[in-house]
Protein chains: 4
Amino acid sequence: MLNVAIVGASGYTGVELARLLSVHPGVSIACVTSQQSAGKPLSSVFPSLRGLVDLPCDPLDVELVCSKADLIFAALPHKTAMEVVPGFLAAGKKVVDLSADYRLQDQAVYEQWYQAHSSPELLAEAVYGLPELYRDRIKESRLVANPGCYPTSVAIALAPLLKADLIRPESLIIDSKSGTSGAGRSAKVGALFCEVNEAFKAYGVASHRHTPEIEQTLSAVAGTPVRVNFTPHLLPVSRGILSTCYADLRQGATSRDLHELFERTYADEPFVRVCEAGALPDVSFVRGSNFADVGLVVDSRTQRVIVVSAIDNLVKGAAGQAVQNMNLMMGFDEKDGLGVVPLFP
Amino acid sequence: MLNVAIVGASGYTGVELARLLSVHPGVSIACVTSQQSAGKPLSSVFPSLRGLVDLPCDPLDVELVCSKADLIFAALPHKTAMEVVPGFLAAGKKVVDLSADYRLQDQAVYEQWYQAHSSPELLAEAVYGLPELYRDRIKESRLVANPGCYPTSVAIALAPLLKADLIRPESLIIDSKSGTSGAGRSAKVGALFCEVNEAFKAYGVASHRHTPEIEQTLSAVAGTPVRVNFTPHLLPVSRGILSTCYADLRQGATSRDLHELFERTYADEPFVRVCEAGALPDVSFVRGSNFADVGLVVDSRTQRVIVVSAIDNLVKGAAGQAVQNMNLMMGFDEKDGLGVVPLFP
Amino acid sequence: MLNVAIVGASGYTGVELARLLSVHPGVSIACVTSQQSAGKPLSSVFPSLRGLVDLPCDPLDVELVCSKADLIFAALPHKTAMEVVPGFLAAGKKVVDLSADYRLQDQAVYEQWYQAHSSPELLAEAVYGLPELYRDRIKESRLVANPGCYPTSVAIALAPLLKADLIRPESLIIDSKSGTSGAGRSAKVGALFCEVNEAFKAYGVASHRHTPEIEQTLSAVAGTPVRVNFTPHLLPVSRGILSTCYADLRQGATSRDLHELFERTYADEPFVRVCEAGALPDVSFVRGSNFADVGLVVDSRTQRVIVVSAIDNLVKGAAGQAVQNMNLMMGFDEKDGLGVVPLFP
Amino acid sequence: MLNVAIVGASGYTGVELARLLSVHPGVSIACVTSQQSAGKPLSSVFPSLRGLVDLPCDPLDVELVCSKADLIFAALPHKTAMEVVPGFLAAGKKVVDLSADYRLQDQAVYEQWYQAHSSPELLAEAVYGLPELYRDRIKESRLVANPGCYPTSVAIALAPLLKADLIRPESLIIDSKSGTSGAGRSAKVGALFCEVNEAFKAYGVASHRHTPEIEQTLSAVAGTPVRVNFTPHLLPVSRGILSTCYADLRQGATSRDLHELFERTYADEPFVRVCEAGALPDVSFVRGSNFADVGLVVDSRTQRVIVVSAIDNLVKGAAGQAVQNMNLMMGFDEKDGLGVVPLFP
């Protein structure tokens with residue numbers, strides 16, 4: 001059994017990692033950390049885990065964590081992550097970092113959108129943990145930068161079209177909607193029930209930090225610099241991201257043509273489901289699971305394609321993809337611990 | 001006091017008309033009709049109205065309605081509406097029709113997206129009831145076609161830019177999200193709580209019937225044929241539409257420039273509120289009111305403008321705008337009966 | 001016009017007072033205070049009020065408030081309220097206090113459930129602001145203690161039965177469920193969207209501070225000490241309280257008998273609606289309004305009566321009742337400013 | 001592998017059975033039936049199952065079902081169930097019936113609350129499938145009547161106290177709240193999103209059909225006839241039942257005493273979790289899982305105990321308990337297929 005640690009276990013990504021890892025056949029949760037709940041069982045923080053993960057929370061101490069675990073999930077805010085990740089690596093551990101700190105390969109871009117980077121030397125080494133694009137490199141890596149939730153939903157929606165050079169990259173418009181767990185579990189007025197319930201708004205318009213991450217991935221796939229409009233919105237649901245992506249087609253194509261392209265592209269992917277022809281995804285169909293569902297429509301009136309993807313932001317958009325990455329890094333079956341059937345309704 | 005009728009009172013638009021009209025200073029609700037609830041007080045159907053609108057429901061009988069009321073709100077499905085509206089007019093009544101039946105001026109377009117039209121001779125006479133664009137014509141009309149909810153939210157968002165010729169019309173992409181009351185009150189599995197709650201999806205992609213209505217209005221404003229991508233989504237909230245509209249700017253413009261344009265355009269409009277500079281709307285800030293809130297951001301990286309508008313689909317998107325139209329048609333103060341302050345939270 | 005102040009305007013009770021008072025025919029909102037938003041327009045804090053209440057927030061300064069207003073709504077937490085209320089009174093102002101600080105007449109009881117009281121001399125003078133029970137005394141008062149939300153819902157449900165001595169007071173069990181706005185607008189993990197959405201729990205079981213307030217009112221009505229079981233629960237809705245009250249009947253009575261008793265008792269009350277015989281309330285039927293809806297069923301198998309009441313916790317349970325009290329104190333029509341029709345759906 | 005059938009697969013209980021059984025190690029889903037979706041893959045009805053349960057739906061034909069499966073889950077409405085269950089048994093199949101048709105042992109009681117019974121001879125044979133009370137009999141049975149959702153939540157909450165004779169049975173008051181999936185998946189206005197969202201009401205007061213089922217179970221445990229007040233309410237959540245149960249204590253007892261009793265009683269139960277001392281359940285902590293969480297408080301002021309239990313109505317309240325029963329009937333490990341960790345948030 002592989003001993004793993006969940007660093008930052010009292011957030012929503014933390015509890016989600018605990019949910020998935022507690023039933024992983026090859027893994028033992030050996031350490032969970034939480035600054036504010038140190039000493040308390042994780043199941044006191046999250047009674048959903050009662051009887052399942054009753055381990056007491058440790059403080060965030062690099063040495064302590066390294067003494068208990070061989071692979072570490074860092075579920076910390078950006079900036080906090082890069083304060084501890086180099087230490088984990090120095091102790092010979094493998095790391096799946098769920099923050100943004102090692103996702104952007106270009107230090108300058110990182111520092112423009114975030115802040116100064118304290119371990120830029122690791123940027124070249126870190127592998128962007130999107131198995132559908134970088135499976136082989138992930139297998140070899142000791143530091144995987146787990147993708148952001150929005151960028152995951154967008155990459156899966158658009159990669160097939162960009163790879164096949166079927167759309168004009170400069171025309172890309174991405175209108176995304178995320179459930180509120182994406183805002184984290186810290187106490188903020190803006191995330192209160194009464195502020196989010198029966199509400200809906202755009203936020204971070206033309207300024208959201210996932211923009212450069214999306215552009216980095218799409219540019220790599222397209223083989224040319226891609227610049228997008230990305231507009232996130234806050235959905236009054238707990239889980240789920242739906243991204244509606246618009247692009248001008250380079251030349252005539254039918255919904256059927258592109259549907260077949262998607263089916264071919266994702267035929268062997270264990271966690272990407274192409275919707276039935278004519279159907280589109282709903283976030284409620286992936287809830288709790290590691291699936292990314294994707295569907296599309298060609299609008300023949302405007303010669304645009306509309307691709308819609310849905311993921312559970314806490315699973316394929318965070319903890320599930322992190323487990324998938326661990327599976328690849330450690331040589332487990334890629335699906336281990338990820339057999340959760342979506343919960344509907 | 002003007003005697004009015006609400007025809008089709010047992011739907012969500014019907015109860016909303018009753019809510020607004022019951023406190024209108026110049027109006028008396030003289031007749032409400034409901035086929036399935038004929039004989040029962042409207043307040044039995046909607047106990048929210050108990051003590052306020054206890055009038056019994058009549059069956060839908062043109063003669064009966066005309067004997068009781070001088071202005072008629074037709075809150076019926078399309079097709080059913082055009083079966084009765086000509087009769088109301090023939091009896092000398094004024095009509096605000098909340099269906100789609102008289103919104104499209106071009107019979108061929110109507111018949112392409114809906115079905116054969118049984119009173120096409122009224123299409124030329126009917127006035128599209130968007131006061132922000134057609135106030136003067138509404139005042140003179142005896143038949144107002146009350147705009148669709150999505151088209152209202154889009155017209156208010158885009159008219160200032162199209163009028164000023166600041167955007168390229170062929171670039172328009174409209175990503176809209178509507179609360180579930182827009183789906184009506186008939187029993188359908190797709191509108192059940194468990195299907196909508198914690199869910200989110202696009203629907204009617206590249207095929208929604210509000211598309212030609214949006215294009216008709218935007219084309220008229222632009223003075224040139226406009227074709228758009230319009231993608232509606234179903235929000236797990238009861239009320240509210242948020243439309244996120246994307247357009248390529250013809251030339252450099254800042255957020256501030258365009259914000260000032262919107263403020264000028266809507267300075268005298270009683271129900272359009274331009275958000276504070278830098279702020280964007282939220283459907284929760286217009287709930288229950290006739291306001292349309294609008295805000296925008298210019299993305300200097302892509303030279304696109306993103307305009308976001310929010311309305312309550314049942315008020316400015318239906319019943320409230322209908323009352324506003326009645327006020328104009330009858331010479332009431334345009335704001336009468338529409339003083340509801342948004343309900344937050 | 002009466003100049004009024006809303007002290008503590010940036011909470012949910014504050015915005016609700018602003019919503020109601022902004023359309024009150026006899027009142028001008030002359031002052032709003034907020035410590036954290038001082039200097040900003042109230043409509044920046046709550047964009048729902050844009051164009052309606054754009055007044056900038058003042059800091060909470062007794063002298064300043066008194067220089068602007070003649071009647072003050074104190075929408076502050078308990079303890080903070082009693083720090084300023086005596087100053088308002090000393091300056092000759094009238095006060096409607098929405099906190100718990102002046103609700104309990106017995107200082108010892110207050111101090112057992114809350115903390116030491118700093119102005120106990122006002123307890124005897126303060127009038128408990130439940131117009132259905134204390135209308136005449138409220139009219140004469142300069143300090144009204146606005147009732148708690150739960151106690152309001154319970155008093156209206158049970159007073160007719162206790163007055164008529166039809167139930168055994170020692171058998172009373174009150175199972176209440178409240179929307180989340182009752183938890184206030186301060187940032188707390190427990191009130192985050194993701195903690196409340198799709199969740200439901202009891203809290204404060206056998207220990208909630210509204211218990212002595214409920215018992216004080218019911219004891220006064222019954223003319224004998226009443227002790228109850230009161231169990232509040234947290235509902236995943238923004239607004240609304242539903243209280244389900246159980247009591248043993250002293251002797252045989254039918255649902256019809258008791259329904260008639262309620263109809264008689266509340267025949268002249270402007271804001272209490274007795275449901276149709278056989279019907280029961282739903283919080284969605286009072287949303288946004290000052291109504292308290294009440295219905296009942298006698299269970300002949302167990303000889304118990306179940307009374308169910310519904311209010312909007314922010315209106316009849318807080319701001320609306322406060323306006324109703326002001327109307328009584330100032331000689332306005334009791335319904336002024338309270339004509340909001342419930343918003344359904 | 002055991003071949004099983006899900007009869008009535010297009011309802012919420014059906015999809016839930018499919019979710020659980022699709023990952024059961026000893027079972028193969030050999031047949032799913034749906035009258036309205038016959039011929040379509042179950043994953044077309046529920047895209048959450050895409051790639052997991054793509055089996056086409058059969059019509060409801062007893063012979064056909066019996067030719068494919070050896071154990072049958074009947075997820076049909078009452079009355080429809082008893083039309084087919086005898087046929088399954090006659091063909092030598094085992095049946096877990098999720099309807100109410102075989103839950104009440106007394107035919108007269110069944111017929112008083114439901115309708116005439118067409119196979120009363122099976123009532124004596126059917127075993128009430130609550131493993132916590134009837135594990136041994138379930139193991140021997142070929143017909144298990146799977147308990148109702150409310151009765152399950154109540155039995156687990158009250159059995160320990162009644163068994164130990166610590167409470168007065170005639171004092172029992174049960175105030176239950178259920179998520180909307182309990183209302184089923186047929187199209188009804190009352191279950192529409194806009195009718196349930198932001199709403200809350202009691203229903204079936206003093207008349208709900210689960211009352212005799214609750215009383216049958218509690219009477220058996222208590223060894224004396226028990227009559228209760230049972231009041232169900234409709235919660236605006238998809239899943240979950242919380243029951244708040246009140247009873248007079250026969251003699252002094254502390255929360256700690258009773259907490260220890262519950263811990264002892266349920267120490268070996270795989271799916272009952274007694275909350276930490278002082279804590280109470282929340283429906284969000286059992287979502288998607290087969291757990292029943294239970295907690296309690298003694299109110300020393302009134303000498304009553306308040307017991308609160310939470311289950312997922314579709315799992316422990318329906319499909320999960322059905323799988324648990326199948327495991328017992330077939331000699332599988334009782335936990336097989338039921339390892340789902342609760343999904344929070």
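**Note on the chain and domain interfaces**

1. Start with chain B and chain A. Between them, 28 residue pairs are in polar contact, both residues at pLDDT 80 or more. A polar contact is a pair of N or O atoms within 3.5 Å; within protein, one must be able to donate a hydrogen and the other to accept it, and residues adjacent in sequence count only if both atoms are side-chain atoms. By class, the side of chain B that touches chain A has 23 nonpolar, nine polar and 14 charged residues. Here Ala, Val, Leu, Ile, Met, Phe, Trp, Tyr, Cys and Pro count as nonpolar, Asp, Glu, Lys and Arg as charged, and the others, Gly among them, as polar.

2. Basis of the values. This is a predicted model: local features need pLDDT of at least 70, side-chain atom pairs count only at pLDDT 80 or more, and totals for chains, interfaces and linings use all residues. Residues are numbered from 1 along each chain as its sequence is written, chains are lettered from A and ligands numbered from 1 in the order in which they are written, and side-chain values use heavy atoms, with hydrogens and water left out.

3. Extent of the B–A interface. Chain B brings 46 residues to the contact and chain A brings 47 (contact: heavy atoms within 4.5 Å). The buried area is about 3,900 Å², with 55% from carbon and sulfur atoms. That area is the accessible area (1.4 Å probe) that two parts lose on being put together, summed over both. B:Glu198, B:Phe200 and B:Arg301 supply 19% of what chain B buries against chain A, more than any other three residues.

4. Charges between B and A. There are four salt bridges (a side-chain nitrogen of Lys or Arg within 4 Å of a carboxyl oxygen of Asp or Glu). A:Asp175 pairs with B:Lys177 in a salt bridge, with the closest N and O atoms 3.0 Å apart.

5. Chains C and D. Here 46 residues of chain C are in contact with 47 of chain D. They bury about 3,900 Å² between them, 55% of it from carbon and sulfur atoms. C:Glu198, C:Phe200 and C:Arg301 give 19% of the area that chain C buries against chain D, more than any other three residues.

6. C:Glu215 forms a salt bridge with D:Arg301, and their closest N and O atoms lie 2.5 Å apart. S8(C) gives the most, with four residues. Helices (H or I, at least four residues) and strands (E, at least two) are DSSP runs, numbered from the N terminus.

7. Within chain A. The chain is divided into domain 1 (2-125) and domain 2 (150-312); the bounds come from an automatic or database domain assignment. Their centres, taken over C-alpha atoms, are 27 Å apart.

8. The rule finds two salt bridges. A:Arg239 and A:Glu16 meet in a salt bridge at 2.7 Å, N to O.
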